[in-house]
Amino acid sequence: MKALVTGGARSGKSGFAERLCMARAPRACYIATAQAYDVEMKERIALHRLQRDSAGYDWQTLEEAQALPELLRKLGGAQASQPAPMVLVDCLTLWLSNVLLAAGEDGETAARAAMDELAAAVEQYPGSLVIVTNEVGDGIVPEYPLGRLYRDLSGVMNQRIARLCDEVFLVTAGIPVELKQLEYKL
C-alpha cells in the first residue's frame, strides 16, 4: 500500500502520516529530508523527534536530504528473507528543494532527473510507503524565477507520485480526506 499525504503548511499532514503508519504496522522507518541550516530549523527537527519518540512507537529514523531514491531502493532490497519495512518519507518538497539548490545552475535538469529516479523507486518499492508532501501551488505566484520553477516542479512531482499511490490524502485544518475515493474519472 502506497499513500501520499499532502496539504498546506501546518495542516496536520505529518501527524496524520505518522498515525497512519502506527495504525498499519508495528514499526516503521522514518526518512527525514529536512536539513538544519539555522536555529529555528534545528528546533523544528528536535520537536519532531521528541514527538515521535514520545508516541511509544518503534521508529527507525534515517536522515537523507538528497539520495532518497537510492535509500528507498536499498530499504526495498535489503534483506530478501524479510519483508521491506513500512516507510514514512517526510517530506518530498523539502527533498526537491535540496536537490534543486544543490545542483545550482543546472537545477531544473538535475531535479527532473531526480524526480524520474524517485518515481521509479516509489513504483518499485515492495513494502508500504507513506509519503508527505506540501501543496505549494495554492498560493501566490512566486516573484523570482527559482521560486516559480520550484512551485512548478513540486506540482509535477506531486502529480506523478499521486498516480503511483493507492491512496492520496489531502489534510486541511487537521482533517484528512482521501481523494482517490472522490476522484472524478473521465
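Below is a chat about a predicted model and some of its residues.

User: Hi! Before we start, what kind of model is this, and how are residues numbered?
Analyst: Hi! This is a predicted model, where local features need pLDDT of at least 70, side-chain atom pairs count only at pLDDT 80 or more, and totals for chains, interfaces and linings use all residues. Residues are numbered from 1 along each chain as its sequence is written, and side-chain values use heavy atoms, with hydrogens and water left out.

User: Great. Which residues of helix α3 are buried?
Analyst: In α3, which spans residues 68-77, the buried ones are L68, P69, L71, L72 and L75. Buried means under 20% relative accessible area, exposed means over 50%, and partly exposed is in between, with a 1.4 Å probe and protein chains only. Helices (H or I, at least four residues) and strands (E, at least two) are DSSP runs, numbered from the N terminus.

User: Why do those end up on the same side of α3?
Analyst: Because they cover an arc of only 160° around the axis. That arc is taken from the directions from the helix axis to the C-beta atoms.

User: And what sits on the face turned away from the buried side?
Analyst: The exposed residues K74 and G77 are carried there.

User: What covers the buried residues of α3?
Analyst: The cover includes strands β2 (27-32), β3 (58-63), β4 (87-90) and β5 (129-132), along with helices α4 (92-103) and α5 (107-124). Contact here means heavy atoms within 4.5 Å.

User: Switching topic: which residue does UniProt list for "active site"?
Analyst: The UniProt record, an unreviewed entry, lists H48. UniProt positions are given in the numbering used here, feature names are shortened, and annotations may be inferred rather than shown by experiment.

User: Where is H48, and what does it touch?
Analyst: H48 is in helix α2, residues 39-54. Not counting residues up to four places away in sequence, H48 touches S14, E18 and Y30. H48 is partly exposed, at a relative accessible area of 25%.

User: How many salt bridges does the structure hold?
Analyst: It holds nine. A salt bridge is a side-chain nitrogen of Lys or Arg within 4 Å of a carboxyl oxygen of Asp or Glu. As background, side chains of opposite charge can pair when their charged atoms come close.

User: Which residue does R27 pair with?
Analyst: R27 forms a salt bridge with D58, and the closest N and O atoms are 3.5 Å apart. The pair links distant parts of the chain, with R27 in strand β2 and D58 in strand β3, 31 residues apart. D58 is partly exposed, at 43% relative accessible area.

User: How far apart are the closest N and O atoms of D152 and R151?
Analyst: They are 2.9 Å apart in that salt bridge. D152 counts as partly exposed, at 40% relative accessibility.

User: Now E167: is it buried or exposed?
Analyst: E167 counts as buried, at 15% relative accessibility. E167 lies in strand β6, residues 167-172. Leaving aside neighbours within four places in sequence, the contacts of E167 are M1, K2, A3, L4, R24 and E178.

User: And N158, buried or exposed?
Analyst: N158 is buried, with a relative accessible area of 9%. N158 is in helix α6, residues 145-164, and is in contact with L4, T133, N134 and E135, leaving aside neighbours within four places in sequence.

User: Last topic, backbone geometry. Where is the cis peptide bond?
Analyst: A cis peptide bond joins D90 and C91, with omega about 5°. C91 is in the loop between β4 and α4. In general, most peptide bonds are trans, and most residues other than glycine have a negative phi.

User: Which residues other than glycine have a positive phi, then?
Analyst: R10 is one of them, with phi of about 60°; R10 is in the loop between β1 (2-7) and α1 (13-24) and is exposed, at 66% relative accessible area. A173 is another, with phi near 55°. A173 is in the loop between β6 and β7 and is exposed, with a relative accessible area of 69%.
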